[in-house]
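This briefing is for a reader meeting the structure for the first time. It covers the ligand, its surroundings and the pockets.

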Amino acid sequence: MQRETSVPVVVWFRQDLRLEDNPALFEASKLGLIIPIYIMDDINASQDKMGSASRLWLYHSLDSLNRSLDGHLKFFCGDAFELLPNIMENSGARSVFWNRCYEPWRIARDDRLKRYLIEAGFEVHSTNGSLLWEPWEIRKKDGSSYKVFTPFYKRGCLGAESPRNPLPVVKNILFSPSDIESNELDELGLFPKNEWHRSVKTCWNISEKAASEQLEVFIQNGLTDYMERRNFPAKQGVSRLSPYLHFGQISPHKVWHRVECEVDRTSKDVNQNIEHFFRELGWREFSYYLLYHSPDLPNRNLQPRFDEFPWVKVSPHLEAWQKGLTGYPLIDAGMRELWQTGYMHNRVRMVVASFLVKNLLVHWKCGADWFWDCLVDADLASNSASWQWVAGSGADAAPFFRIFNPITQSEKFDSEGRYILSYVPELRNLPKRYLHSPWLAPTSVLDAAGITLGIDYPNPIVDIKSSRSRALNAFNEQRTRMERA
Ligand code: FAD
């Protein structure tokens with residue numbers, strides 16, 4: 001592309017809030033004077049309206065991106081289909097660049113918008129800034145889409161072209177002087193009205209720079225033991241890159257290539273850990289792939305036989321689960337971690353989700369909605385795919401009869417109770433052997449620890465054994481009904 005420096009060019013930032021490895025910004029900056037914009041565009045999409053934690057993250061991300069762009073980022077709020085043509089018209093720009101998003105409603109909207117703009121005589125350039133492999137590029141030999149993760153990843157992804165190299169940081173951006181009417185960041189309705197956000201904000205450094213630093217910290221401290229340590233919530237064994245990846249403060253291409261630099265030809269052990277980490281990035285790709293090929297993923301069981309499953313949507317136990325008051329310390333720690341930090345360790349996510357959909361028989365959608373509101377990494381693809389995976393209703397899902405036991409999971413992955421005590425401090429004086437199941441402690445031990453069950457800490461809201469049998473019976477009955485039908 002030829003640089004015609006006086007031409008204004010719109011760069012529409014979306015889930016790519018960065019200057020490094022940003023294909024849209026990179027290409028646009030070769031062409032002309034940049035008008036960087038952000039449109040708060042979820043106002044019409046009721047089902048995917050961003051949750052509170054995401055809004056908080058977005059607020060700080062945009063603030064940081066605006067500073068990186070020397071204050072030139074223009075904010076808008078509303079329907080992008082109506083706003084963007086006006087922005088183009090009013091700014092005198094003839095072309096717009098954006099990196100693709102993959103939520104079904106955004107795909108449909110972007111498609112319509114692109115056609116409209118092209119018909120109106122504008123140039124539209126959309127590129128891939130968020131996925132290692134485009135979902136439509138990975139196909140089985142017969143042309144159908146994959147349903148199972150391992151062949152998707154091994155044959156489909158690893159058999160396709162390697163992820164492209166990341167692009168350099170775009171420096172010395174020339175901005176268009178055009179002064180179009182826009183909003184202030186504070187007018188986008190992102191900043192929470194209550195005080196809850198303070199504890200979440202203190203846990204994170206929200207910027208593109210922080211994302212890269214976080215990657216380096218993980219490479220130095222977590223990567224070589226990733227396979228083992230990633231299971232233990234009290235250890236610093238995972239990257240915690242998920243919110244940065246979701247909002248695009250770091251690209252998966254950068255993560256992939258930076259981690260690849262650590263491949264050690266002499267150490268099988270190191271490489272196995274790296275491969276495992278890549279596999280997890282592969283799960284992210286698989287989630288997007290599923291969402292692309294099954295746009296109903298956030299709302300409907302991928303396996304229709306679960307449509308008849310007796311999950312409830314209204315349950316007296318839902319609130320106890322949300323608040324971390326179930327009486328099961330690992331579950332309560334996880335749910336409180338979520339509330340206090342906007343994040344939950346993956347192992348604990350699986351345990352709390354299994355507890356909700358299996359022991360409490362609450363519909364996975366209720367859990368997904370709560371996560372959607374509370375997670376700083378809330379992601380339509382990964383959240384929906386993961387909930388359906390745990391519920392057993394998804395593609396390549398954990399079988400329904402695999403029910404995580406919160407007590408044995410706790411004993412195995414938090415044996416010292418370090419994770420539990422970070423979030424359930426009321427149990428701090430309880431001897432370790434009772435930390436995973438306080439109701440088994442003799443009254444004298446509870447008294448000595450200053451705990452009265454039901455007052456200082458809840459009694460278990462359900463019995464694990466009988467709730468497990470209830471779930472399995474429901475599953476078997478449903479299976480028998482299906483076989484008869
Ligand atoms: P790491 O272990 O360091 O992994 C690196 C990256 O790989 C992650 O940042 C993430 O992008 C990707 N990844 C890892 N595991 C998975 C997975 N199982 N599925 C998809 N991508 C994965 N992840 C989200 O990003 N957003 C969500 O809304 C989300 N909801 C979830 C809900 C449930 C019920 C469960 C069980 C999992 C969910 N996950 C979600 C997946 C996973 O828990 C998180 O991606 C992971 O915990 C993020 O921490 P990390 O960055 O330290 O992961």
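The points below are grouped by topic, after a note on the model.

This is a predicted model, in which local features need pLDDT of at least 70, side-chain atom pairs count only at pLDDT 80 or more, and totals for chains, interfaces and linings use all residues. Residues are numbered from 1 along each chain as its sequence is written, and side-chain values use heavy atoms, with hydrogens and water left out. The ligand sits in the largest pocket.

**Ligand shell**

- The ligand is surrounded by 27 residues, each with a heavy atom within 4 Å of it; the closest are Tyr226, Ser239, Arg240, Asn346 and Asp377.
- By class, the shell holds 14 nonpolar, seven polar and six charged residues (Ala, Val, Leu, Ile, Met, Phe, Trp, Tyr, Cys and Pro count as nonpolar, Asp, Glu, Lys and Arg as charged, and the others, Gly among them, as polar).
- Helices H9 (242-247), H11 (268-293), H14 (346-359) and H16 (380-391) each supply at least two residues of the shell (helices are DSSP runs of H or I with at least four residues, numbered from the N terminus).
- H11 gives the largest share of the shell, six residues.

**Polar contacts and burial**

- A polar contact is a pair of N or O atoms within 3.5 Å.
- An N or O atom in the side chain of Tyr226 is 2.5 Å from an oxygen atom of the ligand.
- From the backbone, an N or O atom of Arg240 lies 2.6 Å from a ligand oxygen atom, and a polar atom of Asp379 is 3.1 Å from an oxygen atom of the ligand.
- Taken alone the ligand exposes 820 Å², and the protein buries 95% of that (Shrake-Rupley method, 1.4 Å probe).

**Largest pocket**

- A pocket is an open set of points on a 1 Å grid over the protein atoms alone, where a 1.4 Å probe fits, with protein on both sides within 12 Å along at least five of seven lines; lining residues have an atom within 4 Å of a point.
- A molecule sits in a pocket if more than half of its atoms lie within 2 Å of its grid points.
- The largest pocket holds about 1,300 Å³ of space.
- Its lining has 49 residues, and the closest to its centre are Arg230, Glu280, Trp283, Asn346 and Ser386.
- H11 provides the largest share of this lining, 10 residues.

**Second largest pocket**

- About 430 Å³ of space lies in the second largest pocket.
- Of its 24 lining residues, Pro233, Lys235, Gln236, Val238 and Arg240 are the closest to its centre.

Terms used: Polar contact = N/O pair within 3.5 Å; in protein donor to acceptor, adjacent residues only side chain to side chain. Points joined across faces, edges and corners; volume = space filled by probe spheres on them.
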